2 protein chains.
Amino acid sequence: MQDALTQKFSALADPTRRAMLEQLSRGTASVSDLAKPFLKEMSLPAVTKHLKVLEAAGLITKSRDAQWRPCTLNAEALKHVSDWMEQYRIFWEESLDRLDAYLKTVTQKKATKGKKNGRKQV
Amino acid sequence: MQDALTQKFSALADPTRRAMLEQLSRGTASVSDLAKPFLKEMSLPAVTKHLKVLEAAGLITKSRDAQWRPCTLNAEALKHVSDWMEQYRIFWEESLDRLDAYLKTVTQKKATKGKKNGRKQV
DNA sequence: CTTGCGCTTAACCTCTGGGTTAATTAACTA
DNA sequence: TAGTTAATTAACCCAGAGGTTAAGCGCAAG
């Protein structure tokens, strides 16, 4: 088995699964509830498999209620991913800063007449 | 080609590629720089492929300097992922709130004698 | 107690992701 | 010009992801 982060990113790397998470963010749902939007595109066993992936990644929890398997979103697992991404926040924020700065030089150019040589890459 | 989010999540769903991003967050690096930590585990063409995936996902930018291909982190692309995750922040925060609340009931139990029935799932 | 519903398992197929080696291109260097 | 370094391309292999159909299991309602 792969590391937890890899497992979570792969689980999220599928639009069907992301859609399922989005539905679960609007409340608990059974397997057939979750399957409904996809039954034109895929079979029930396919849905079961997707849910297994999400469950294995810790992104959802499946419980039992008679013949139903109510699923709930497990948002803590998403926090884990978000926390990993945090380490890069400073980079995209500084990119925006550079954009800001660049835009300032551009708007001033008319007045000051092109003094910066213009880094690329925003 | 798949949607941008799917492409980014799949690109991130590989420890080698995440490690490369981490290296790039410490500064621009050539392909062979990036390859160095992995040459015991994989060949250069494998590295090239990983970089292609990252580039296609928009996570890095490859430029040219003589025979070298300096790569730079493209943090804006990570922001896109982070933005998508934001929609779930309220859920993991409320989970933590519930954990807080639960811990409060636990610590009070000695005094008030078990009054809540205890939702599962934190 | 059997019928039907909700869901999973089994067995299978196909395609792609991640890896390989070998050959190739491009640019510098002696 | 020949040789070396940096990186890519080509051709290939294999395991696993994502899908299928068909069969099976657990539960509840007639």
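**View 1. The contact between chain A and chain B.** In this predicted model, 24 residues of chain B are in contact with 24 residues of chain A, two residues being in contact if their C-beta atoms, placed from the backbone, lie within 7 Å. On the side of chain B that touches chain A, the elements giving two or more residues are helix H1 (4-12), helix H2 (15-25), strand S2 (71-73) and helix H5 (75-112) of chain B, and H5(B) gives the most, with eleven residues. Helices (H or I, at least four residues) and strands (E, at least two) are DSSP runs, numbered from the N terminus. By class, this side of chain B has twelve nonpolar, eight polar and four charged residues, where Ala, Val, Leu, Ile, Met, Phe, Trp, Tyr, Cys and Pro count as nonpolar, Asp, Glu, Lys and Arg as charged, and the others, Gly among them, as polar. Residues are numbered from 1 along each chain as its sequence is written, while chains are lettered from A and ligands numbered from 1 in the order in which they are written. Because the model is predicted, local features need pLDDT of at least 70 and side-chain atom pairs count only at pLDDT 80 or more, whereas totals for chains, interfaces and linings use all residues.

**View 2. The relation between the two copies.** The same surface serves both copies, since 100% of the contact residues of chain B recur in chain A.

**View 3. Met85(A) in helix H5.** Met85(A) lies in helix H5 (residues 75-112) of chain A and is partly exposed, with 15 other C-beta atoms within 10 Å; a residue with 20 or more such atoms is buried, one with 12 or fewer is exposed, and one in between is partly exposed. Leaving aside neighbours within four places in sequence, Met85(A) is in contact with Leu78(B), Val81(B) and Ser82(B).

**View 4. The surface near DNA strand D.** Of the 22 residues around DNA strand D, Ser43(A), Ala46(A), Ser30(B), Ser32(B) and Pro45(B) come nearest, a residue being near if its C-beta atom, placed from the backbone, lies within 6 Å of the strand. The largest share of this surface, five residues, comes from H4(A). By class, the surface has ten nonpolar, eight polar and four charged residues.
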